[in-house]
Amino acid sequence: MNAQKRDFGQAVAHATAWPGKLAGWLILPIIFCVLAAVLGGLFRVSILLEWEEPILLFDTSLTVMSLSEMQWHLFAIMTMLGIGYALHEDRHVRVDVFYAKFGPKGRALVDLIGDIFLLLPLCYFVADFALPFVEMAYKSGEQSDYDGLTHRYLVKAILPIGFVLLAIIGLGRIYHHARVLRDRSPQAATSSKGS
């Protein structure tokens, strides 16, 4: 970020992107789950720990299968929250070969059009589709069929949450890029990177 102050859109996008930055640390428990599952399989141990009272996700035991499933759930959380962070930091993949040749206002226009007509509709449709998916998992008490994790609705809820956060970041970007296009000062034109 330049030394210039963030505008409102950048501030909204920045505040909404921080869960994605924190989600990067989920790689550590993912590594632990992979190692524990591999070692449990190697030594032919299916149940690693047991306890009396059921707890969220694990019920009454920690099994090799629950660790195997947990690594995929953590990866899903890391990905869904990280998408918004990557967009905010302008580290997402671009396929526009002309974008790099545009000036700051041209890039702001491309980003504005893309965010309005591609990003926001995608976020709406995915979040809208995912909510009944989460509700069905919650009402049915969906859980693993293979002695793995319980409460599957929790990981499924990350899908709409991730896309709602992405939409908020998109709204912040739209505000910022519209401001760059409206502003006639040379300082505003040079600050159109990211949001």
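**Pocket, helix packing and an aromatic pair**

User: What volume does the largest pocket have?
Analyst: In this predicted model, the largest pocket has a volume of about 450 Å³, a pocket being an open set of points on a 1 Å grid, where a 1.4 Å probe fits, with protein on both sides within 12 Å along at least five of seven lines. Local features need pLDDT of at least 70 and side-chain atom pairs 80 or more, while totals for linings use all residues; numbering starts from 1 along each chain, and side-chain values use heavy atoms, without hydrogens and water.

User: Which residues are closest to its centre?
Analyst: Of the 18 lining residues, the closest are His92, Arg94, Gly114, Asp115 and Leu118, where lining means having an atom within 4 Å of a point.

User: And which helix gives the most to that lining?
Analyst: H4 does, with seven residues, helices being DSSP runs (H or I) of at least four residues.

User: Switching topic, how do H4 and H6 pack?
Analyst: Helix H4 (residues 104-140) and helix H6 (residues 158-182) pack at about 160°, with their axes 8 Å apart, on a scale from 0 to 180 degrees between N-to-C directions. That makes H4 roughly antiparallel to H6, the term for angles over 145 degrees.

User: How many aromatic pairs are there?
Analyst: The whole structure has three, counting ring centres within 6.5 Å. The rings of phenylalanine 8 and tyrosine 175 have centres 5.5 Å apart and planes at 80°, so that pair is edge-to-face, which requires over 60 degrees.

User: Where do those two lie?
Analyst: Phenylalanine 8 is in helix H1 (residues 8-23) and tyrosine 175 in helix H6, so the pair ties together parts 167 residues apart in sequence.

Methods. Angles under 35 degrees count as roughly parallel, over 145 as roughly antiparallel, 65 to 115 as roughly perpendicular and the rest as oblique. Grid points are joined across faces, edges and corners, and a volume is the space filled by probe spheres set on the points. Rings of Phe, Tyr and Trp (its six-membered ring) pair if their centres lie within 6.5 Å; planes under 30 degrees apart count as stacked, over 60 as edge-to-face and the rest as tilted.
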